[in-house]
Amino acid sequence: LFPSSVDIPFVPSAEGGKPLVALLNNVFTGAAPLATVSLDHRFEGQAAFSTVLRGPGRSAHRLAIGGDAEWFRVRERASAFENINLRFFRGLPDSIQMFDPADARVGNSSLHFHAADQINLGPLSLDLSAQGGRTRGGNLGVTGGKLSRLRWNSAGVHAGAGYRIGHRYPTVLRASVAQRAHESVIRALEAVHPGGLGISTYSWNDLNQDRNFQSGELGALLKVEGAPFSRLDTGLKQPFTREVHLEAVQAFPGKLSFSLHGYRRVEHRLLGLLNTGVPSNAFAAVSVFDPGDDGASQTGNETLRIAYNQDPATLGRDTYLLTNPPDAGAFAEGYEIRIRQNTSRLQWELAFTRYRAVAHTAFGNGPLENDWAALALFNDPNQSINAYGSTYFDRGLGARFWGTCRLPWGMQLGWIGVFLDGAPYGRILPVTGLSQGLIGILATRRGPGDGSTGEGKRTAHNATMDLRLSRDFQLRHGRLVTSIDVFNMANSAFALREADVTSPTHLWRIPLGYQSPRSIQLGAGYSW
């Protein structure tokens, strides 16, 4: 879906080639790299049966039933180098994160059944199915005892109908509705395992100003987070999805077809972590200065924004409840238009897609934060600022044109062209001077969101065209296939990532990653 990219880690500068992200944003930060080891044991059995039954006239039933059972155990260990992470801001020591190495064991067993009936009644077709299951899971201690448990019973249904009008150049209409449960037991249990990864953040008093941490420089505890500080809501409910699909397909002469497909999907009971250890009345609203998109003052786009200062008496008292927050709902909707032709010498398809996905997600612009598949974190009022918006994978607008064509002399040409709208993100404003230390708030909403007014951001769009020319040679003993591929034929250099932190160096939205340049690949294969 996405073009490959080239990241530029260093850039010539008067500052001697500092890392690009730090140079552009004037911010030194980032988590220590984690070394993770996972050991999984899984046993699974499946059984299925299907048959076709003829009914009155030309009607037919295609029946299918089946089930599967699974037993699963996973042990995951994680640690960082020396289990410490030093954080800098504008080149100066800021804070220290201490890691509690993770050693978590989780197990679950599940049993699922399904039944489906595809009914053909001439021009009318029906598709009915149902699913059900039960899942039992728990966090395991060192001795094997269960520390916390989850028991979910799930059910899902699907109902679809299609109708064909005409025969030579038919029109086909389809519609379906469905509800299905999410299989998220392991993810939920790992988020609250006492042996999971924990992080404690302290202020850093760099007494000798050497930017190296010594044990006597550990300051006050500012925050704790992670699985050891989290617990499970006894009434936690299983997430589920409801969706509607509509489709129309029209055939034309020349083996040409047109289709329009639309859908809407709504997520319910998504999982999230609520910080129950620090109450909302522990935060007081304060005004902070925002220099605007250009990062410079006195240029006409400055404003004051609201951030929230935490009561020092509550620092480090964070405890989290894994629950179904009422604000964690999400939805996605869109439509796609396709025009396709499939002949003996030419096959091609042109597709145009409009899409949006909107959710209240965790702070940040990466896929592990700004996506409803990740656990939403409702930590404090600062992380709720502009948190409702487009998710990481919402490209908004996309188009693609691909095809293959047989040429003279046994040659074949293939191509694929793609246009993608920019990825949504919000501008991050660093806020200093708060009792909880340096934080970032989203000064703008990520992407257009649900279409309401605001300052939603997207990165620049990108486009690419790839070609392949190939030919087969039939030899006496086997076949030789040769090919030449040209990637990014136009040698485009659209940005794929952009700086998102408000910077006083006036380099807001400078690209941090580009499309790969034009490249050529030669290939040969021999089969016999």
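Predicted model: local features only at pLDDT ≥ 70, side-chain atom pairs only at ≥ 80, totals over all residues.
## About the model

Local features need pLDDT of at least 70 and side-chain atom pairs count only at pLDDT 80 or more, while totals for chains, interfaces and linings use all residues. Numbering starts from 1 along each chain as its sequence is written, and side-chain values use heavy atoms, leaving out hydrogens and water.

## Nonpolar cores

Let's start inside. The largest nonpolar core has 17 residues, and those touching the most other members are Leu150, Ala188, Leu189, Leu232, Leu236 and Leu322. (A core is a set of buried Ala, Val, Leu, Ile, Met, Phe, Trp, Tyr and Cys residues joined through side-chain atoms within 4.5 Å; buried means under 20% relative accessible area, exposed over 50%, and partly exposed in between, with a 1.4 Å probe and protein chains only.) At least two residues each come from strand 3 (60-80), strand 8 (146-165), helix 2 (185-190) and strand 18 (320-323). Helix 2 gives the most, with 4 residues. (Helices, H or I of at least four residues, and strands, E of at least two, are DSSP runs numbered from the N terminus.)

Apart from this core lies another, of 10 residues, including Tyr263, Leu270, Ala359 and Phe378.

## The cavity

(On a 1 Å grid over the protein atoms alone, a cavity is a set of points where a 1.4 Å probe fits but cannot get out, and lining residues have an atom within 4 Å of a point; points are joined across faces, edges and corners, and the volume is the space filled by probe spheres set on them.) Among its lining residues are Leu270, Ala359, His360, Asp371 and Trp372.

## Aromatic pairs

There are 7 aromatic pairs. (Ring centres of Phe, Tyr and Trp, the latter by its six-membered ring, lie within 6.5 Å; planes under 30 degrees apart are stacked, over 60 edge-to-face and the rest tilted.) Trp204 and Phe213 are edge-to-face, with centres 6.4 Å apart and planes at 80°. Trp204 is buried at 5%, and Phe213 is partly exposed at 24%. Together with Phe88, these two form one aromatic cluster.

Phe401 and Trp415 make a tilted pair, with centres 5.7 Å apart and planes at 55°. Phe401 sits in strand 23 and Trp415 in strand 24, so the pair ties together parts 14 residues apart in sequence.

## Positive phi angles

Lys255 has a phi near 55° and lies in the loop between strands 13 and 14. Asn386 has a positive phi of about 55° and is partly exposed at 29%.

Notes: 1 Å grid on protein atoms, 1.4 Å probe; cavity = no way out; pocket = protein on both sides within 12 Å on 5 of 7 lines; lining within 4 Å.
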